[in-house]
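This briefing concerns strand pairing and helix packing in the structure shown below.

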Amino acid sequence: MSRRKHDGFFKYVYTVPENARAMLNTLSRHSDKMERILSNVDLSSLEEIPERYDNVDEHGEADIAFKVATTSGGKFYFGILLEHKSEHKTNVLEQTFRYAFNVMVDKNNATFKWMPTKAIIIYNGTDNWDPLDDYRNSAHADFEGRELPFECAFVDLKQVSDSLILQSDTPEAAIGLLAMKYAFDAGAFSKAVLLMEPLFRKMPNDKGTTLLQKIELYLGEYIDADALEELKMAFKSLGERLGFVSAGDVRRAREKQIRKESEKRGEIRGEKIGRKAERQKAEAAKMDAARAMLAEGDSVDKICRVLKLTKEQVAKL
């Protein structure tokens, strides 16, 4: 089963510099290595590098790339690469190597075109995996001083405590980490819902509703159906409490009506409704998310990239 949709959720939350900064601060408190490699950078200066490259595979995109100034206050910049994985990928370091030398480019430096890179690999899969351990135990490491040509830290979200995540500087960053940490564990995800609700209350109304839609859009096929329904029900009253009906409220009401009609006919979910209806619902969810992003002022290019839509589809909105 492909888990590429997790990349879309990761990008939606953490391309926002303040959320990326909050996540990096949280993970630095978890990992000594993260704290060390980020000790000489000024995270308040995070600036996203546009995701358009000539020499990088996988549709020409790295996960998320930033440039960041040093704590010394000079004009020297590092590159910070956030690489997300939801499953064991044997080529992750090779991929990161290519990103480090093709993406992290300082066009204003005539002498040294590359920016020293600090790569952060964030993993939310179910296997016990550490690509840096794999590297250190390889023949390559024997002949390379056991050091990669760029600084690199690996974080398995399973190992990051909920209490630490809840201390994140933005609620979006905390919700993103909790949702990804428990996406493959239905029982634990149900419990995590209780942790997320107070975080949603701290967010502006529209952003909270949109983030809930993103969880369903990108992670819905991985989260157990009952756990997803529990999440939706927990935040169903967001719009009602705040005196407005969101696109998400309308969609959820429509889905509830479909389920009731299906039950009356004795249908089992997923049979007569069928794959066609499921695809239509997924497409409707995408359109709702696109409308919400347009309302927030996101560019057409970003909407197309994040939701995998065409410009023609977005133009019709």
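How many bridges join strand β4 to β5, and do the two run parallel or antiparallel? Strand β4 (residues 117-123) is joined to β5 by 6 bridges, and the two run parallel. This is a predicted model, in which local features need pLDDT of at least 70 and side-chain atom pairs count only at pLDDT 80 or more, while totals for chains, interfaces and linings use all residues. Residues are numbered from 1 along each chain as its sequence is written, and side-chain values use heavy atoms, without hydrogens and water.

**Sheet**
- Helices (H or I, at least four residues) and strands (E, at least two) are DSSP runs numbered from the N terminus.
- The open sheet has 5 strands in the order β1-β2-β3-β4-β5, with mixed pairing (two strands pair if DSSP finds at least two bridges between them).
- β1 (47-48) and β5 (151-156) are at the edges with a single partner strand each, so one side of each lacks a neighbour in the sheet.
- Ile121 has Phe154 in β5 as its bridge partner.

**Helix on the sheet**
- Helix α2 (residues 17-30) lies across β2 (64-69), β3 (77-85), β4 and β5, at about 80 degrees to β3.
- Axes are lines fitted to C-alpha atoms, for helices over the stretch in contact, and angles run from 0 to 180 degrees between N-to-C directions.

**Helix pair**
- The axes of α8 (residues 171-181) and α10 (residues 205-219) come within 12 Å and cross at roughly 20 degrees.
- α8 and α10 are therefore roughly parallel to each other (angles under 35 degrees).
- Glu172, Ile175 and Ala179 in α8 meet Lys207, Leu211, Ile215 and Leu219 in α10 (contact means heavy atoms within 4.5 Å).

Technical notes. Parallel < 35°, antiparallel > 145°, perpendicular 65-115°, else oblique.
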